[in-house]
2 protein chains.
Amino acid sequence: MTSKKVIELFYDVVSPYSWLGFEVMCRYRHVWNIELKLCPAFLGGVMQGSGNKPPGVVPNKFMYMTKDLKRAAEYFDVPLQAPADPFEVMFKKGSLSAMRFVTAVQEQEKGGDKLVEQVSRELWRRIWSEDKDITEAASLAEAAKKAGLSDGVIKDALETAASKEIKDKLKDATQKALDYGAFGFPLLVYHRNGSPEIFFGSDRFELLAHCIGEKWLGPRPNNSAAKL
Amino acid sequence: MTSKKVIELFYDVVSPYSWLGFEVMCRYRHVWNIELKLCPAFLGGVMQGSGNKPPGVVPNKFMYMTKDLKRAAEYFDVPLQAPADPFEVMFKKGSLSAMRFVTAVQEQEKGGDKLVEQVSRELWRRIWSEDKDITEAASLAEAAKKAGLSDGVIKDALETAASKEIKDKLKDATQKALDYGAFGFPLLVYHRNGSPEIFFGSDRFELLAHCIGEKWLGPRPNNSAAKL
């Protein structure tokens, strides 16, 4: 039994706002009395399942997002840099193999989620900071290596990532997000007395804090988080 | 000459998130060293001009917005209540005559914007709190009366609202918003050294505060604002 409030974070490394949400929640898991559950899922499936369209198809929205992301990344102290061709990266190459890989890492990891956290961060860093590929096996291995995974774990995760079990696990996580009402990521699900309360995007932290009875202390609640 | 930072607020009373943004900015205009310029405009024209679609057409998004609005309205202390049929109210009846009326009031008002502020608030209260009409002349007159406008001003505003001058003024304000990059409302435009920096929605106040070098003190920076 724990008195901690459970918050699930559904995310996909293809989504830049997810990165902001992920880093903020990874900081606050050490500040608020919460149990943060990392839920890697597939944004493409959520967009298709909900019938939502990417915001970037409206020119003014795309231009705004570009600026808003830059501004928010600075404010949240996340080293986010848009890739040269965001459309290519997000919609043509996508993140299916990457999210299967993260799911495989999660399946292997016992007693915590340090590896999932680190490997997710390194994948984001590749795609949303260094404009590098995240679709090839070698790219995934490189990110995992930087994340501190052993060669054995990396090899296993690359192999199992293509298995039916892992594919189904990612599908299930994606469906779970849809069932909560997702139409995009990041999605935060706070389980208030067994009833889920959802927060979409990276601009509801103050409201989330209010709902869980905690205090929002800005993007950097502890200085330890300043360096990724 | 003034050292105040100029912030324009583009809004339409058909938009519930605009109400939240409007009330928060009306509170902070007395707290931050800013000059707030109220810019009534026509959301329908912005959606059409930018090619954007209302978020409510995706079912999960519509359900989320309903909940998010309720939660945010409580947090921001704005007595917002969804009308029985939001689609009818927002898309069938719309706000063209109401925004022309607000524009006509603004055209008449000299030396301030108290009347524009009050009449906008009373129109929002009708549509987004009391589920009342805002399309008929009698409805506009009733809102204006509650807002403290004299019978003479109301009569004049109702008459001039249909004039070419006022129609053009509203069109120009809407076009101005589009030129800044609008794809929805509320839109806040901060003029940083002559270069406009835009903030969309009612979830960037903390970031706006950071950009203008002020402190975000939560939704109620002064208790005087607790009662609308």
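This is a predicted model: local features need pLDDT of at least 70, side-chain atom pairs count only at pLDDT 80 or more; totals for chains, interfaces and linings use all residues.
I found 20 residue pairs in polar contact between chain A and chain B, both residues of a pair being at pLDDT 80 or more.

Next I asked which elements give two or more residues to the side of chain A that touches chain B. They are helix H3 (59–76), strand S4 (195–200) and helix H10 (205–212) of chain A. H3(A) gives the largest share of that side, 9 residues. I then sorted the residues of this side by class and got 17 nonpolar, 7 polar and 8 charged.

I looked up the extent of the contact. Chain A puts in 32 residues, and chain B puts in 32 residues. The area buried between chain A and chain B is about 2700 Å². Carbon and sulfur atoms give 52% of this area. In chain A, the residues that lose the most area to chain B are Tyr64(A), Arg71(A) and Tyr75(A), together 24% of what that side buries.

I counted salt bridges between chain A and chain B and noted 6. I also looked at Arg71(A), which forms a salt bridge with Glu197(B). The closest N and O atoms of this pair are 3.3 Å apart.

Last, I turned to a helix pair in chain B. Helix H7 (residues 137–146) and helix H8 (residues 151–160) of chain B pack at an angle of about 145°, and their axes are 10 Å apart. The crossing of H7(B) and H8(B) is right-handed. H7(B) makes the contact with Ala137(B), Leu140(B), Ala141(B), Ala144(B) and Lys145(B), and H8(B) with Asp151(B), Ile154(B) and Leu158(B). By class, I have 6 nonpolar, no polar and 2 charged residues in the contact of H7(B) with H8(B).

Technical notes
Residues are numbered from 1 along each chain as its sequence is written. Chains are lettered from A and ligands numbered from 1 in the order in which they are written. Side-chain values use heavy atoms; hydrogens and water are left out. Contact means heavy atoms within 4.5 Å. Buried area is the accessible area (1.4 Å probe) that two parts lose on being put together, summed over both. A salt bridge is a side-chain nitrogen of Lys or Arg within 4 Å of a carboxyl oxygen of Asp or Glu. A polar contact is a pair of N or O atoms within 3.5 Å; within protein, one must be able to donate a hydrogen and the other to accept it, and residues adjacent in sequence count only if both atoms are side-chain atoms. Helices (H or I, at least four residues) and strands (E, at least two) are DSSP runs, numbered from the N terminus. Ala, Val, Leu, Ile, Met, Phe, Trp, Tyr, Cys and Pro count as nonpolar, Asp, Glu, Lys and Arg as charged, and the others, Gly among them, as polar. Axes are lines fitted to C-alpha atoms, for helices over the stretch in contact, and angles run from 0 to 180 degrees between N-to-C directions. A crossing is left-handed if the near helix is turned anticlockwise from the far one by less than a right angle, and right-handed if clockwise.
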